[in-house]
Amino acid sequence: MSSILVVIEQREARISRISWEALAAAQSLGAQLSLPVAAAIPGAQTESLAAELAGKALAKVVRVEHPLLSAYTPDGFTSALEQLVRAEQPGYVLFPHSYQVRDYAPALAARLGQVLIGDVTGIGDGPTFSRQLMQGRLNGAYRHSGAGPCFISVQSGAFHADAVQAGSAQIALFTPTIEAAQIRTRPGEPFRGSAQTVDLGSAQFIVSVGRGIKGAENLPVVEELAAALGAELAASRPICDNGWLPMERQVGSSGQTVSPKLYVAVGISGAIQHLVGIKGSQCVVAINKDPDAPIFEVADYGIVGDLFEVVPAITEAVKAAKQ
Amino acid sequence: MKIIVAIKQVPEREAPVRIDAGGKWIEEANIQWAMNESDAYALEEALQLKEKHSGEVVVLSAGPERAGTTIREALAKGADRAIHIACDDLGDRDALGVARLLAAAIKPENPDLLLTGLQSDDLGYGQTGVILAELLGLPHASLILHVEKTDAGLTVKRELEEGWFQNIELPIPAVLSMQSGGSKLRYATLMGIKRARTKEVRTLSAAELAAPVASSVRLERIALPQKQKSTQILSGTAKETAAALVEKLKFEARIL
Ligand SMILES: Cc1cc2nc3c(=O)[nH]c(=O)nc-3n(C[C@H](O)[C@H](O)[C@H](O)COP(=O)(O)OP(=O)(O)OC[C@H]3O[C@@H](n4cnc5c(N)ncnc54)[C@H](O)[C@@H]3O)c2cc1C
Ligand SMILES: Nc1ncnc2c1ncn2[C@@H]1O[C@H](COP(=O)(O)O)[C@@H](O)[C@H]1O
């Protein structure tokens, strides 16, 4: 009988939030297909995390344990999980779509002659798996066919961690065979980028600027709005990539997570990697000349228009209102 | 060092997305095409490595004839030569299928380093580099911002989530998926554009590479995204919408 295997990721010796979301997705897929769900936790010391997982509605929890899995390497993880998947023969393998998973899951799938359906945001009948295309401007529905497991990674925030069903599961130990010589990369300790001098995380008002601004010379347009609102200035990734604003002002999956009362997105398209950083915002205002820009899907108020006309007008209106 | 850079031609960022009659892809007739953004950063890193350590930069792209313009752009920026896999059925291949095609062209070249972009701006699989490493039996690292050549191989700077980084050491030959933003992109000079015309572009057909089209994952249909929140669109002149917005923020959202 087929089953669903969800691969759990640890971060700083804890189960990452997005792993709980992947578990919720696995349970929902399991309910849809009437399949049992098992969780695998790879690492060097997985006992306590496995115990935590055992309190969930799972057929079993597998500790994939080996000293060479203490630090993540693509070679170690690909080999360990290949062995596990060959032994368990699940019909579906789900992962959280984290930076770690995107670094090895495509190779794992390829080793088994399969293709990962990555960054999944929803599961439909069939099952079909939806994911974004064209930087969020389109949704695509994907279907797996043929023999062999279907590999899925789920996008952060697409499923709810608190939907994970409680229960009780048995814990099994799986010891993969890994030789030190198989591991070809040597990972260093994580380090922080430049010192953080702005705390966007606690800002109440944020004006955030994207590639619609065209060039650094146009930044005063948004700086003036930020000043009028008493807001911090933030940006999408390309603005920081181009060096127009320092990286510490970047919002999104590889930047800061913010939760202001007001987030004004100016000339930002609304790619998923940006949106995950602004989920906690109370009110989102989007200004974009493209009526189909995905940012409008998450905005409370939208203005379709040229930011070079709209933003100065808002700045004036805010100033007038504050007098 | 011999470096291959895999470059994909993708719809230009602000190209209109209209779903075609088949419902599986967009109308391509009137759109402009561009070099995938992270591939431009991969090319830049390759050119800088060549400037420091000498060697050769080879561009590899699979796509229909129009991909030739993006290949010329890469040559104009300084790549030495190119391989164009002429392929009109990219859309029928899944990520593994495209990677098999690329791998078949890469193997006989035996590069010291293969760079890909992190993610294509159209399909956004973010997988091709990692799969290529698997198919070629090479070590890899992804989300790379910077590459340093060492006596033993490479030290690369990898981006982690939320503003963290990590250095990774690995031997060569290796495959790296390059993230954007690691360095400043150069522009093609007039001289570069002129020179590009005389550089070698070898065309290979997908058929002669004998990579199977069979795919295990299929894109069944595409659709415009659904709105998650009920967005109020404010319309009028700039001045009117600005006034309406401030009203709303003051009296409806109560945050001003
Ligand atoms: C692993 C990974 C991590 C990433 N991390 C992040 C991250 O942390 N943060 C982040 O932001 N991105 C991140 N990205 C990049 C992300 O995918 C998008 O590429 C990026 O967010 C796009 O930025 P943008 O919206 O400013 O640019 P674009 O997508 O180019 O959008 C520009 C927008 O401006 C509009 N516009 C143009 N001119 C005007 C005008 N005159 N008036 C009004 N509107 C106008 C256009 O209609 C368009 O919608 C990441 C990507 C990857 C692969
Ligand atoms: N058709 C192609 N030709 C050349 N390179 C490609 C092609 N498709 C993908 N790539 C490379 O693989 C990277 C990741 O693509 P993807 O896995 O589709 O997100 C791209 O940034 C390119 O470097």
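Me: How much space lies in the second largest cavity?
Reply: In this predicted model, the second largest cavity holds about 50 Å³ of space.

Me: Which residues line the second largest cavity?
Reply: From chain A, the lining has A:Val115, A:Leu116, A:Ile117, A:Arg131 and A:Tyr142. Chain B supplies B:Asp94, B:Ala95, B:Tyr125, B:Gln127 and B:Val217.

Me: And what is that lining by class?
Reply: Seven residues are nonpolar, one is polar and two are charged.

Me: How many cavities of 30 Å³ or more are there in the whole structure?
Reply: The search finds five. The largest cavity has a volume of about 60 Å³.

Me: Which elements give two or more residues to the lining of the largest cavity?
Reply: They are β7 (140-149) and β9 (164-170) of chain B. Chain A also takes part in the lining, with residues including A:Tyr72, A:Asp103 and A:Pro187. By class, there are five nonpolar, four polar and two charged residues.

Me: Turning to ligand 2, which residues are closest?
Reply: Of the 20 residues that surround ligand 2, the closest are B:Ala6, B:Asp39, B:Ser120, B:Gly126 and B:Thr128.

Me: What lies 2.4 Å from an oxygen atom of ligand 2?
Reply: That is a polar side-chain atom of B:Asp39. A polar backbone atom of B:Gly126 is 2.6 Å from an oxygen atom of the ligand, and a backbone N or O atom of B:Ala62 lies 2.9 Å from a nitrogen atom of ligand 2.

Me: How much of the accessible area of ligand 2 does the protein cover?
Reply: The protein covers 98% of the 480 Å² that ligand 2 has on its own.

Me: Where does the largest share of the shell come from?
Reply: It comes from β4(B), with three residues.

Note on methods: Residues are numbered from 1 along each chain as its sequence is written. Chains are lettered from A and ligands numbered from 1 in the order in which they are written. This is a predicted model: local features need pLDDT of at least 70, side-chain atom pairs count only at pLDDT 80 or more; totals for chains, interfaces and linings use all residues. Side-chain values use heavy atoms; hydrogens and water are left out. On a 1 Å grid over the protein atoms alone, a cavity is a set of points where a 1.4 Å probe fits but cannot get out, and a pocket is an open set with protein on both sides within 12 Å along at least five of seven lines; lining residues have an atom within 4 Å of a point. Grid points are joined across faces, edges and corners, and a volume is the space filled by probe spheres set on the points. Helices (H or I, at least four residues) and strands (E, at least two) are DSSP runs, numbered from the N terminus. Ala, Val, Leu, Ile, Met, Phe, Trp, Tyr, Cys and Pro count as nonpolar, Asp, Glu, Lys and Arg as charged, and the others, Gly among them, as polar. A residue is near a molecule or strand if one of its heavy atoms lies within 4 Å of it. A polar contact is a pair of N or O atoms within 3.5 Å; within protein, one must be able to donate a hydrogen and the other to accept it, and residues adjacent in sequence count only if both atoms are side-chain atoms. Accessible areas come from the Shrake-Rupley method with a 1.4 Å probe; for residues, only the protein chains shown count as cover.
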